[in-house]
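Dear colleague,

Please find below the structure that I am handing over to you. I would be grateful if you could look through it together with the notes that come after it.

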Amino acid sequence: MALTLDNRSRNKESSLTQALRQIQQLNSKIQELEQQHQDYVQKQQNLITAIAEICVSPIQEIQALRILICRGEAACRQYLRSVLVKQRKNS
């Protein structure tokens, strides 16, 4: 009888230990995702600042923001580079 209770106690402890380990893993993953999100937000803010600095007309700014929203960061950066190249050619 005592052996059965001891085994049940160990099983409960083992289950609790596993649950605790899983919670810790999930918390680590949440922290990792939060950091990735913060990095993403910072990149987007930097890119929006670059759009405001590079684009000389509201139409260019709107186009850059559309590209950012629809096609992503890389396409927007490419558009901004093309705007800079055109500005240098016109100067």
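This is a predicted model: local features need pLDDT of at least 70, side-chain atom pairs count only at pLDDT 80 or more; totals for chains, interfaces and linings use all residues.

The chain as a whole

The secondary structure consists of three helices and zero strands, and the pattern read along the sequence is α-α-α. Of the 91 residues in the chain, 18% are buried. The chain has an accessible surface of about 7600 Å², and carbon and sulfur atoms account for 54% of that surface.

The pairing of α2 and α3

Two packed helices are described by the angle between their axes and the distance between the axes. Helix α2 covers residues 58-71 and helix α3 covers residues 73-90. Their axes come within 7 Å and cross at roughly 155°. An angle over 145 degrees counts as roughly antiparallel, and α2 and α3 are therefore roughly antiparallel to each other. The crossing in which α2 passes α3 is right-handed.

On the α2 side, the residues that meet α3 are Q60, Q63, A64, I67, L68 and R71. Their counterparts in α3 are E73, A75, C76, Y79, L80, V83 and Q87. By type, the residues of this contact divide into eight nonpolar, three polar and two charged.

Q44 in helix α1

Helix α1 spans residues 2-54, and Q44 is found in it. The relative accessible area of Q44 is 12%. Buried means under 20%, so Q44 is buried. When its neighbours within four places in sequence are left aside, Q44 is in contact with L68 and E73. Both L68, in α2, and E73, in α3, also belong to the contact between those two helices.

With a relative accessibility of 34%, L65 counts as partly exposed. Beyond its neighbours within four places in sequence, L65 is in contact with I48 and I51. L65 and I51 are 14 residues apart along the chain, and their C-alpha atoms are separated by 7.9 Å.

With kind regards

Note on methods:
Residues are numbered from 1 along each chain as its sequence is written. Side-chain values use heavy atoms; hydrogens and water are left out. Axes are lines fitted to C-alpha atoms, for helices over the stretch in contact, and angles run from 0 to 180 degrees between N-to-C directions. Helices (H or I, at least four residues) and strands (E, at least two) are DSSP runs, numbered from the N terminus. Angles under 35 degrees count as roughly parallel, over 145 as roughly antiparallel, 65 to 115 as roughly perpendicular and the rest as oblique. A crossing is left-handed if the near helix is turned anticlockwise from the far one by less than a right angle, and right-handed if clockwise. Contact means heavy atoms within 4.5 Å. Ala, Val, Leu, Ile, Met, Phe, Trp, Tyr, Cys and Pro count as nonpolar, Asp, Glu, Lys and Arg as charged, and the others, Gly among them, as polar. Buried means under 20% relative accessible area, exposed over 50%, partly exposed in between (1.4 Å probe, protein chains only). Accessible areas come from the Shrake-Rupley method with a 1.4 Å probe; for residues, only the protein chains shown count as cover.
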